[in-house]
Structures are given as C-alpha cells and as structure tokens.
Amino acid sequence: MASSIAAEYAIETRGLSKSFGSHNAVDGIDLRVPRGSVFGFLGPNGSGKTSTIRMLLGLSNISAGEVYLLGHRMPDHLDLALPRVGALVEGPAFYPFISGRRNLIRFDSANKNADPKTRDERVDRALARVGLTAAAKKKVHAYSLGMKQRLAIANALLQPRELLVLDEPTNGLDPQGTREIRNLVRTLASEGITFFISSHLLVEIEQICTHLAVMSQGKLVEQGSLEELSKSETLVLTLQTDQKQGAIKVLRDLKIKAKAHQSEIVAVVPRGLIEPEEIVRKLTRAKVGIKSFSLLAPTLEERFVSLTGEGFDVAR
Amino acid sequence: MSLDSSPKPSVAFAHFEFVKSELSLLFTRRRTWAMLFTISLIPIFLAIAVSLSGSTVPPGEGPPFLDRVSQNGLFVGFTAMVLAIPFFLPLTMAVVSGDTIAGEANTGTLRYLLISPLSRAKLLLVKFIGAGAFALAATFTLMLTGIIIGSILFPIGPVTLLSGEVIPIPDALLRIALVAIYVSISLMGVAAIGLFISTLTVVPVGAMAATVILSTVSQILGSLPQIEVIHPYLPTYYWLGFADFLRSPLDFTSFTSNLLLQLGYILIFGSFAYSKFTTKDVLS
C-alpha cells in the first residue's frame, strides 16, 4: 500500500498534537511502539493519555502531526488498520438489556471483515479465553465491573489481532482477576501480539511491560525500553539509624549531601562514586549504629514521580 | 478532515450483517414493543368506544370515517390513523430516531462500534433503516389491529368509498396497506430530523424531545393561515393526505407530493447528520 511505511513500529506518531481551544491536551509527541513489545503508557490524570489513544483509534480529530497505526496513516486508512487492532478504551461499554454473548455478536457484526460463518465459534472462543463462558447468557446489567472488563477484553479478541490497546485493563479487578489479565497479556505477547497498555498502576506496568513512555501535561517526558530506563546515573541511599547527626557528618565527609526524613536518612549518590561497603565501613568506624542500609537505583515509582511531579494531581 | 475513510468494495453479505444486528437490537428492546403495544391500543379503544356508545354518528361529525365504523369494521383503522398521526406516531418516531446516535453515545457503545471498524456513514444509514423499519411496524400494527378489532366488534363487508363507489374486501385490504405505507413515508422526514439532532448530543431524551417539539411546531405552523405560503414546505403538510386512497380511482397525487417532500427533508437533514457526525470527536 502506498500509505504503509516500514511498519517496524506498531504505533508511530510524529509531532502529534491535540488542542481544545488554546489548551494543548497533547503537545507534539513522538511515540514509537516497537512491534512485539508490551508497551506501558504512563502518566497522571490529565496528562493527555486518553486524548492520544482516541486519536490513535480514529475517534478524535488530530490537531497537528501524524499517526501511523500498524504502518497505516490514521484516520485516512482506519479501515485497513483497525480490523487488526483490538481495544479497551475508557472502560467497558455494553448494551445492558442483552446478554454478554449477544453484545459480542453485535460488535462483531459491525466489522465488515468478520466472517459471519465463524462468528459463533469466535465469540465462544473469546469468552472462554476470559473465563466468561458461564455468564455469557446473562444480561449485562447483571454483570459486575470485573465481568464487564473481561467481556471488553473478549471483544478485543474476537479476531486475530496484531495490536491490543488496553486502557486501564485491570481497573475494577480483584487480585485474582488482575493476575489472570497479566497471564493473558503474557501469553498473547508470546504469540507476537503488540500491547499498548495505559495505566496508573506502576507495579503492574513494571511486571509485564518491556517498554515504557511517560506523559506529563501533554508532553512525552520519557520513552524507551525498560532496560534503558532502569539505568540510572544516580542511586538512592536510605539509612535507618539512631545516630542521625553522626551519620550525616560521615556522609558529608564522603561528599554525599544527606537529609534526615522522619526515621530515615536519605541521599542521592552519583553512580560509581563509592562502594556501599565503603560507606558502611566508614559509618561503623564512626560508631553510627545501622538499623538498615540500602544503596539502590530509584524505583520506577520514584522516577515516575520525579518526572511528572509529586503525586497524581490532575494536571491543569 | 473527515474521520470516515472511503469504504472499500466488500462482499454484500458482510454489510447486511450489521443491518440484521440493528433490526434485531431494535426489536428486542422492551421499549419498542411497549410503543407498538400502545399504538395498537388506539384502534382498540376507538372500536370499543364506538361499539359501547351504540348511537350512530351523523355523517361529517367527529373524526373522519367515524360515522362509517359501526357499519363496517374495516374503517376502524382509517379513523385510528387519523387520530394517531398528528402527535402519537411522530412521538414514537422521535423516540426511535432521537435514540439512534445519542443512545449509543450514552451507553458508551458508540466508540466500540466505530473501532470494530464501522464507517460512520454506514452507522448513520443503518440507524435510519432501523427507523424506517419501525415506521412500517408502527403503521401496519395500527392498521392490522384495526382490521382485527373491527372484525370482532362490527360487521365486515365491501367498503363504500368517499366517492360513493363500493369496492370488494380484497381491494379494501390493499388500500389499507397503502395507507400504512403512506404514513410510514410521512414519518421519515421526522426520522431524518431526529437522526440529525441525535448526532448533536449524548442525551437521548433531549434529542427525542427536540424532535417531537419540531414535529408539533410544524403542525401548529401549518394551522396558521397567515403563513400559508410556507405550508407546502412543512414536513407535516401532506400527513392527512392518505384519505386519497379512499377515492376511486386510486389517487396517488398526495402520495407522490408527500414522498418528494419527505425525500427533501431526508436529503437535507441526512446531509447535516453526515457532515456533523463524520467530523466530530467521539468523546463518549
């Protein structure tokens, strides 16, 4: 196809922007989601994640820039890209007065590429995959949020897909359900499906994703493989001791600026400055009692917060 | 830039699947059957009222054809239709057409339909077809119930037309079907207006109310002699013209004029709906 570029990326955006009046919800982002990756899309509320996803799927107009989904320019060729994309966007949505099964049949019949002859079979298979076979004939108004979430994932699996866009897929699920989703993602990812998962739950993202991008106030502030992003130029030193002043002095002598935080001493140490064993030795020699000591790369959460600001306040 | 890509030629059966789904969904809803049931009550209550009152109505008094009902049950449908067309039938059509896009937006299913993928133009068309199917169901329900209740409570026989001629029962049944078709067409202009208003909001009740208000306003304007000049352009102008089917020979003048007028409204409001819906952001 003339529109298709080397689709090395399942999703690629160039200078993608979305503005509502004078406010830039999405401000010139260059997303690159490699094929076969499990890509985590992180950011506080209001950072532009949902607006980005809406543009990816052809639901919203693009204010500026370009979007390529599976190599096809959107929204010009959404007809070509979307059949191979499954999505769960802004929560599940179904017709409450019909059964889960009939809902899936409805969505499948909207897709002109879907073969009606295999419809029943595919619907049953998708339901089995998310464990909803027993509840399939019940009306959706009787479903719990967790069941609706699973039904939405079943909807995304009605056809063989190359890309699954999941917006908060574990929202409303209990730990068992969350575990099931995680396993499902892992299984499907091993079959070569690319995942684009938008989430607040950093612990989840860390566990299943191979790549990450972080949004803050419409801009992409970080993007890359988990490996790249875990490398850090600085380490975080955490020390618990009763001899706080003594500890701070020792660290100052080692050219480490430390601060006392309630029950802990915390400091940022450039990587390679000094071995942790050396610090412990110096502290012990200065008669500083060590209750606990660690010198580690910052966790994803600490990095996330430092990139996007304290907490998860909704951006302006 | 339109968010609707040009459709690729595709096997016909696959397009039809969504039409089937839409009709199935529409006629599964309790609301649809509740409306059809209520519509069927109009000829039933009318027939019972006439049969209980006993006294004959002098010709020309009361709703059209009422004087003939007690002599021939086949007139029940015609009278009931005259009673139903000004407000009740347009109200049911406003409910169905106001719900077309706004209803999907309200349940949130709109975004999932569109990413199936489903072209926005096709969604509009299929929803409009659904409204058309409802129009036929409504008018035929009314007329058929009229025949049934009329034959239970009154004698049935060859029908005396407005022009004086008597026609056999099969001929009368044909004209009854034509009336049902005529009135369905009358409702399609309202359907197009409802479809358009439905693209403007995510609150279905709002779209339904706006549509029935516009239909009623059209009726009101049509009764003001001062603005007679605009009357022929109001969508409600030919609504009672189905009386032509009770003349001999069959007169299609009103039918044709009505059809053209409704087509005009369908084209205009259909284009508005298309242009609005294919360019807006789907935020619901």
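How do the axes of helix 4 and helix 8 of chain B cross? I started there, keeping in mind that this is a predicted model, where local features need pLDDT of at least 70, side-chain atom pairs count only at pLDDT 80 or more, and totals for chains, interfaces and linings use all residues. Residues are numbered from 1 along each chain as written, chains are lettered from A, and side-chain values use heavy atoms without hydrogens or water.

**Helix pair, chain B**

I found that the axes (lines fitted to C-alpha atoms over the stretch in contact, angles from 0 to 180 degrees between N-to-C directions) of helix 4 (residues 76-84) and helix 8 (residues 120-153) come within 8 Å and cross at roughly 140°. Helices here are DSSP runs of H or I, at least four residues; strands are E, at least two.

I then listed the contacts (heavy atoms within 4.5 Å): helix 4 of chain B brings residues including B:Phe78 and B:Met81, and helix 8 of chain B residues including B:Leu142 and B:Ile149. The contact residues divide into eight nonpolar, four polar and no charged; Gly counts as polar, Tyr, Cys and Pro as nonpolar, and Asp, Glu, Lys and Arg as charged.

**Cavities**

I searched the whole structure and got six cavities of 30 Å³ or more (1 Å grid points where a 1.4 Å probe fits but cannot get out; lining residues have an atom within 4 Å of a point). I noted 13 lining residues, with A:Asn155, A:Arg161, B:Tyr112, B:Ile115 and B:Ser116 nearest the centre. Strand 7 of chain A gives the largest share of that lining, three residues.

Note on methods: 1 Å grid on protein atoms, 1.4 Å probe; cavity = no way out; pocket = protein on both sides within 12 Å on 5 of 7 lines; lining within 4 Å. Points joined across faces, edges and corners; volume = space filled by probe spheres on them.
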